[in-house]
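Here is a walk through one protein structure, meant for a reader who has not seen it before.

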Amino acid sequence: MTTITSFTSHDVRFPTSLDKTGSDGMNRGPDYSAAYCILQTNSEHSGHGMTFTIGRGNDLVCNAIDLIAPLVVSRKLDDLVRNWAQTWRYLTSDSQLRWVGPEKGVVHMALGAVVNAIWDLWGKVEGKPVWKLIADMTPEEVVRCIDFRYLTDALTPDEALELLRETRVGKAERMEKVQQNRAVSAYTTSAGWLGYGKDKMRALLKQTLAEGFKHFKLKVGGSLEEDKERLSLAREVIGYDQGNVLMVDANQVWSVPEAIEYMTELAEFKPWFIEEPTSPDDILGHAAIRKGLKGKVGVATGEMVQNRIVFKQLLQAGAIDVLQPDACRVGGVNEVLAILLLAHKFKVPIVPHSGGVGLPEYTQHLSTIDYLVISGEKSILEYVDHLHEHFLEPAQTEAGHYVTPRAPGYSVQMKPESLEEFSFPGGPKSWWRSEAAKGILNGDRGLAPL
């Protein structure tokens, strides 16, 4: 009987600000980071989970992991997963921790790391990748994974059960696509970072086009003139009528009127959607932007949306065309399942957020689950070709599709040497103790002067 005996948390940071990987209109110099949780057991297996951040503040999430993870120590794995919804409710019920949430922010991100570590452990013990754990469940078992508190005005357990039963039709045929690595189409943001020069951007667009990608996303929100130049360059490479799709992402830089005005100017480049046009908490603002851009550009958001309740309201308000949950900003697999079912009920496609270290490793499972179990519909998934070398089972693509993960677990187990080299502030061998790190540690924060 597998029992969790202890845990460790790790502050892991990669110096991506040095080459502007991940840079956008809001985040000019991110250092891709992971607040990393390891659950040790009395067996050969350990559970690994993480939450993505971009540098400063990663330690806050690690501190919150240290407050939540003790709740599962000395617990038998079978007891934790037998009634997952009850376990999830238990992990969110510490009233003192809820006071600094509830179910949002740093505490909720830490919950995502712990919950995902339990799923990783469960997959390893069962010898299955996480997507297969859920694919092998009955509809009733999937529903028992979800805490429906705050959702039943939009989705009841009985409605969820009916949706899951309907999606079982054609599941065998969809499983064939999963096994053939053709279940999840990939899109690329690798050329689109705002800090990249035009030559680098053009070269990466040509490279990813040659690799079979059909969907391309670019960051916008620096200046209108520069964005028009960048989108014009992108269309020169990928064309307008060659089956290639362009998307743009503003990372919350605009007010509602600014978003409508700005995107009306960029509509000539025919982007499928504008991602994060304004604050992720502004539900009515997103609805107004969608109305203002109707027939021109779709509206997408989700990577900074903090929980299932806000997603519920975005869907109820008809505020978005595409829903983009983050695998670990919300409370792990269980809450993502609720969000996927909400999206399916409201007939909005899901395109999970994957622009960060470890996120493609996570989200390849989530998109496979949605296709196979939840909606039965193919969608696309972001693939950012950075930092995969630090994982034992890195996400991979071929011919513009994700390679279905086969290894047991949730695919985010980092190599021990990577944990050591990029730990922060780290020991003597940590990169953050090197001379090269001083440029980041002693540099400015990229803030506009007061």
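**Pockets, a helix pair and a serine**

Sorted by type, the residues lining the largest pocket comprise 18 nonpolar, 14 polar and 16 charged. The model is a predicted one. In it, the largest pocket has a volume of about 1,200 Å³. Its lining is made up of 48 residues, and those closest to the centre of the pocket are Gly 29, Pro 30, Asp 31, Ile 54 and Gly 55. Two or more lining residues come from each of β3 (47-53), α1 (58-68), α5 (105-126), β5 (215-219) and α18 (438-441). Of these elements, α18 gives the largest share, three residues.

The second largest pocket has a volume of about 260 Å³. Its lining consists of 13 residues, and Val 81, Arg 82, Trp 122, Met 137 and Glu 141 are the ones nearest its centre. At least two lining residues are supplied by α2 (77-82), and at least two by α5. The largest share, three residues, belongs to α2. Six of the residues lining this second pocket are nonpolar and seven are charged, while no polar residue takes part.

The next stop is a pair of helices. Two packed helices are described by the angle between their axes and the distance between the axes. For α14 (residues 308-316) and α15, the axes come within 10 Å and cross at roughly 5°. Angles under 35 degrees count as roughly parallel, and therefore α14 is roughly parallel to α15. On the α14 side, the contact is made by Arg 308, Phe 311, Lys 312 and Leu 315, and on the α15 side by Glu 335, Ala 338, Ile 339, Leu 342 and Ala 343. Six residues of this contact are nonpolar and three are charged, with no polar ones.

Is Ser 354 buried or exposed? The relative accessible area of Ser 354 is 0%. Buried means under 20% relative accessible area, so Ser 354 is buried. Which residues does Ser 354 touch, not counting residues up to four places away in sequence? They are Leu 359, Pro 360, Thr 363, Leu 381, Glu 382 and Val 384.

How values were computed
Residues are numbered from 1 along each chain as its sequence is written. This is a predicted model: local features need pLDDT of at least 70, side-chain atom pairs count only at pLDDT 80 or more; totals for chains, interfaces and linings use all residues. Side-chain values use heavy atoms; hydrogens and water are left out. Buried means under 20% relative accessible area, exposed over 50%, partly exposed in between (1.4 Å probe, protein chains only). Contact means heavy atoms within 4.5 Å. On a 1 Å grid over the protein atoms alone, a cavity is a set of points where a 1.4 Å probe fits but cannot get out, and a pocket is an open set with protein on both sides within 12 Å along at least five of seven lines; lining residues have an atom within 4 Å of a point. Grid points are joined across faces, edges and corners, and a volume is the space filled by probe spheres set on the points. Helices (H or I, at least four residues) and strands (E, at least two) are DSSP runs, numbered from the N terminus. Ala, Val, Leu, Ile, Met, Phe, Trp, Tyr, Cys and Pro count as nonpolar, Asp, Glu, Lys and Arg as charged, and the others, Gly among them, as polar. Axes are lines fitted to C-alpha atoms, for helices over the stretch in contact, and angles run from 0 to 180 degrees between N-to-C directions. Angles under 35 degrees count as roughly parallel, over 145 as roughly antiparallel, 65 to 115 as roughly perpendicular and the rest as oblique.
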